Amino acid sequence: MKVYTKTGDEGMTSLFTGERVEKDSPRVEVYGTVDEINSALAMARSFSEVDAIREKILELQKTLPRLMADLASINRPKMITAADVKNLEDGIDLLEKNLPPLKSFVIPGDTKAGAFLDLARTITRRAERKLYKMSHFDAISEDDRIFLNRLSDYLFMLMRAEDFTAAKNSAEKI
């Protein structure tokens, strides 16, 4: 199978369910932005020095294709469910319990992995805005919408955990 198909040369692309749409359609904009999240997560995972965080990032990278399939499909059962949302919420709660309380704004960049997690968070916020815009034209799944909202919170907590763990490990070496 060749990598190039030539089917998109005229500005159209196929959705997962086979419909042809323009490449700049709101639906394509949203799932393309989710694809960007996955790339930022790949960078974060490659730089993370915390095994547990690398594992959590990999879990997300395995979940995002299901979200992209939802967004690239019309009239197909959704793959992201309330259980996926609950999984993110449980992860946020666990991370929050194990981190010191926030007392000020967080400035990202203490670690490379943390910086890429924050980049993934901001891309997620953009995807959420694009999803909302798409909802004016197409039906969207409530679970997909809520998942994106929780994902940005989860990525924020993962960034905090990555940076906190790195700072803690640095202090222990002194």
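The structure is a predicted model, in which local features need pLDDT of at least 70, side-chain atom pairs count only at pLDDT 80 or more, and totals for chains, interfaces and linings use all residues. Residues are numbered from 1 along each chain as its sequence is written, and side-chain values use heavy atoms, with hydrogens and water left out.

The chain contains five helices and two strands (DSSP runs numbered from the N terminus, with H or I over at least four residues for helices and E over at least two for strands). Along the sequence these elements follow the order β-β-α-α-α-α-α. The C-alpha trace spans about 60 × 35 × 25 Å along its principal axes. Of the 174 residues, 39% count as buried; here buried means under 20% relative accessible area, exposed means over 50%, and partly exposed lies in between, with a 1.4 Å probe and protein chains only.

Asp84, Val85, Leu88, Gly91, Ile92 and Leu95 are buried in H3. Viewed down the axis of H3, these buried residues fall within an arc of 120°, so they line one face of the helix; the arc is taken from the directions between the helix axis and the C-beta atoms. Ala83 and Lys97, on the other side of H3, are exposed.

Leu95 counts as buried at 11% relative accessibility, whereas Leu94 is partly exposed with a relative accessible area of 42%.

The largest nonpolar core has 40 residues (a set of buried Ala, Val, Leu, Ile, Met, Phe, Trp, Tyr and Cys residues joined through side-chain atoms within 4.5 Å). Ile37, Leu41, Leu117, Leu151 and Leu158 have the most contacts inside this core. Helices H1 (26-47), H2, H3, H4 and H5 (142-173) each give two or more residues to the core, and H5 provides the largest share, ten residues. In soluble globular proteins, nonpolar side chains tend to be buried together.

The structure also holds one cavity of 30 Å³ or more, and about 30 Å³ of space lies in the largest cavity. On a 1 Å grid over the protein atoms alone, a cavity is a set of points where a 1.4 Å probe fits but cannot get out, and lining residues have an atom within 4 Å of a point. Grid points are joined across faces, edges and corners, and the volume is the space filled by probe spheres set on them. The lining includes Arg27, Asp70, Lys78 and Asp144, and H2 (51-71) and H4 (112-134) are the elements that give two or more residues to it.

Finally, Asn75 lies in the loop between H2 and H3. Asn75 has a positive phi of about 55° although it is not a glycine, and Asn75 is exposed, with a relative accessible area of 80%. Most residues other than glycine have a negative phi.

Technical notes:
1 Å grid on protein atoms, 1.4 Å probe; cavity = no way out; pocket = protein on both sides within 12 Å on 5 of 7 lines; lining within 4 Å.
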